[in-house]
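Good morning, colleagues. Please take a moment to look at the sequence and the model, and then we shall go through some of its features together.

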Amino acid sequence: MPAGTGAHGPAGSGKTLPERGLLLLMVLVLLPLGAASSPDISHKEVLDHKAADAPHNFTKKLFPVLSLDYKHIQTPFEISLWVLLASLMKLGFHLIPRLSGIVPESCLLIVVGLLVGGLIRLAGEKVPPVLDSRLFFLCLLPPIILDAGYFLPIRPFMENLGTILMFAVVGTLWNAFFIGGLLYGVCQIQQDNPSNLHQLELLPCLLFGSIVSAVDPVAVLAVFEEIHINELLHILVFGESLLNDAVTVVLYHLFEEFSGVGSVTVMDCFLGIISFLVVALGGVLVGAIYGILAAFTSRFTSHTRVIEPLFVFVYSYMAYLSAEMFHLSGIMALIACGAVMRPYVEANISHKSHTTIKYFLKMWSSVSETLIFIFLGVATVDGPHTWNWTFVTVTVILCLVARVIGVVGLTYVINKFRIVKLTTKDQFIVAYGGLRGAIAFSLGFLLDNDHFPMREMFLTAIITVIFFTVFVQGMTIKPLVELLAVKKKQEAKRSINEEIHTQFLDHLLTGIEDICGHYGHHHWKDKLNRFNKKYVKKCLIAGERSKEPQLIAFYHKMEMKQAIELVESGGGVKLPSAVPSTVSMQNIQPKKPPPAKPVERALPQLPKGREEEIRKILRSNLQRTRQRLRSYNRHTLVADPYEDGLGDLLLKKQKMIELEKKIKDMTNYLTVPAAPPDSPTMCRARLASDPQAYSMKPVSDSVPTIQVDLASPQSPDSVNLMDEFRRADHQQEEDQGLMMKPPSGQRAPNKPAEADGAREQQKLMRCLSDPGPSADEDEDEPFLP
């Protein structure tokens, strides 16, 4: 406590003054609770008494100035007192940091409930049945589940969905049958020494095993949020506690129904499996329908922002009630409803409505969680108990053994398919974090005493398991996490750089899966994102935000968050008045800043319509990130018809094809090895021997020339591509020596006279008959005919 609290008193008493005031306030709250539980004369008896005295009393009564009618406000007054007590307990818990660092909050709340119930008992009053199953399932549980579902981290939950389902479905079935079967075997031991345990049959034991096998989400949230475990372990244990509700509900109703019959057939087992699928998938479907309706309704609330949070709460609660009405999983309905509606609702509602939803859900769930643990302690004092050492001890031991065996066995199978393996430390935390809570107590409280004569013993064992997991495991898990050096949650703010790389890796892995022909979860996630962007967003999100890319939306959210933090830290006072801001600064009251000089705007003031038109143009042209994603396949790697510059590529390809055809139609040349350079002596000798066979290479008149008009720039049309190829061929002919063409009258239509054709024929024959220099002759030796 700060030292300034007790400045006017002694040093010792000043530090405990707030605690004393809080204690006095708690006593004042507890006094009406005890008085509220006292038996009063019923309203009917009062009326009968007045009716009996009516004939004997004829005098006129004075007008009552002050009267007392507690019956009229008894129920809401007691509810307010319980909520006030829960809030004061939570406040007092956080005022003592040393205590909160040692004992979990849930343990202290249960102790407070035990003290309240004991005080009521000592006062000679009847303890009220506060933890009624109807009150718990319809009023206290929905806020906690809605808060967990609405703010559920979707990405880690979906990435670990297979592991969570294995723990929730297979693990819960294993725990239920392992605990129930071995408990029935233990109860049948020592037939010679008869006891009440020998009356237990197999189906009631399996029913009890299904009740105590499920991990409780309320207890897990209360403990895991205090130890700040890493995100992977938190989502594994918490996701298991959410999704095992369907298995628990089906097993509970199945064994409760068959306990009266006494026999189970194969058809009943088959119907039980069908019932599990219906309960689980039906709850998810009901929640998704109400989530879509809430998102669609929020699209039209731009003119009535006040009622936006109301639609979120009402639609979610209706989803839970609708699922419970058909005996579906209400918890899965709330989870699905919150997860489906959140991205669309947040895109439609205002920032103030988002803040209202966030803090109201946190407040509502916190109060409900506090009341549940207090009521659990009160119900422990109130309820009749039947203690059996053998049954209770074996139940606690079997719960621990079944949890450890189930987690280790399932992890061995799961690690064969996971990239990030679960280590031994992770397995220990998952097994040790399987806490039981008020859901198990409420399910046991619903049992009929006529069909289950051992109901009181069941409740005693359930409360013992709850107290053992919450007190022993809940108090020791934090030191064990620090002792084993388990990785804790790192409070790191997401940046735009991280979001860019995350989307890039998602796109890259999707392309790799398509190229390999393996359709994994990245492929289906990409398909779902395309369907969501193409159809769903246009129907559920209003305005231009339906076309806004995910990266831009994330940037806007980060910008708004930074602006709010700037305003809350007081930095918003230094902002110039010329800078527009979308954040309300009504809560900031600077100490009379000096009057600022009028600053001329650097840009002219634009009309609102013109500004919106400019924004629309920029949004449609500059923010088209990931506008079109192509699926890659190793069998169909073709050019994209929408790729830029494809027209130029096709035109070049067509020109190359035409050029190849022209080259094929050109004259085929026959070449001989090039002769050594002619010396003047050899030239005279060859000319003297046969003047007609040897002649100097005439300069061809067909060499193309490029004519450039000096008065105009050079045009590319003045260059003939084929002439350039002929020029290259002539250059090759000069390099390789004399070159002969086969006689072809059709391919040389430009020869004017037949004499030239005969001359070419004679040249060819003489050249072919000449063997050339011999192989053993020196190449540098002059050749004479």
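Is lysine 547 buried or exposed? Lysine 547 is exposed, since its relative accessible area is 60%. Let me give the scale: buried means under 20% relative accessible area, exposed over 50%, and partly exposed in between, with a 1.4 Å probe and protein chains only.

A word on the source. The model is predicted, so local features need pLDDT of at least 70 and side-chain atom pairs count only at pLDDT 80 or more, while totals for chains, interfaces and linings use all residues. Residues are numbered from 1 along each chain as its sequence is written, and side-chain values use heavy atoms, with hydrogens and water left out.

Lysine 547 sits in the loop between helix 23 (521–540) and helix 24 (550–568). Helices here are DSSP runs of H or I with at least four residues, numbered from the N terminus. Together with Lys534, Lys538 and Lys616, Lys547 forms a positive surface patch. Patches are made of residues with over 30% relative accessible area and no salt bridge; like charges are joined within 9 Å, and nonpolar side chains (Val, Leu, Ile, Met, Phe, Trp, Tyr) within 5 Å. Lys and Arg count as positive, Asp and Glu as negative, and His and the chain ends are not counted.

A nonpolar surface patch of about 770 Å² is also present, and its members include Met267, Phe270 and Ile273. Areas come from the Shrake-Rupley method with a 1.4 Å probe. Isoleucine 273 belongs to helix 14 (residues 266–298) and is exposed, at 52% relative accessible area.

I turn now to the aromatic rings. How many aromatic pairs does a search of the whole structure find? The search finds 18. Rings of Phe, Tyr and Trp (its six-membered ring) pair if their centres lie within 6.5 Å; planes under 30 degrees apart count as stacked, over 60 as edge-to-face and the rest as tilted. Phenylalanine 391 and phenylalanine 458 are stacked, because their ring centres are 5.8 Å apart and their planes are at 25°. Phenylalanine 391 lies in helix 18 (residues 389–414) and phenylalanine 458 in helix 21 (residues 455–483), so this pair ties together parts 67 residues apart in sequence. Phenylalanine 391 is buried at 1%, and phenylalanine 458 is buried at 3%.

Next, the charged pairs. The structure holds 10 salt bridges, each being a side-chain nitrogen of Lys or Arg within 4 Å of a carboxyl oxygen of Asp or Glu. One joins lysine 90 and glutamate 105, at 2.4 Å from N to O. Lysine 90 is in helix 4 (residues 74–95) and glutamate 105 in helix 6 (residues 105–122), so the bridge ties together parts 15 residues apart in sequence. Glutamate 105 is buried, at 8% relative accessibility.

Another salt bridge pairs lysine 525 with aspartate 506, their closest N and O atoms being 3.6 Å apart. Lysine 525 is in helix 23 and aspartate 506 in helix 22, so parts 19 residues apart in sequence are tied together. Lysine 525 is partly exposed, at 32%, whereas aspartate 506 is buried, at 15%.

Finally, the backbone. Histidine 228, in the loop between helix 11 (217–227) and helix 12 (231–243), has a positive phi near 55°.

Terms used: Charge placed at Lys NZ, Arg CZ, Asp CG, Glu CD. Helix = DSSP H or I, 4+ residues; strand = E, 2+ residues; numbered from the N terminus.
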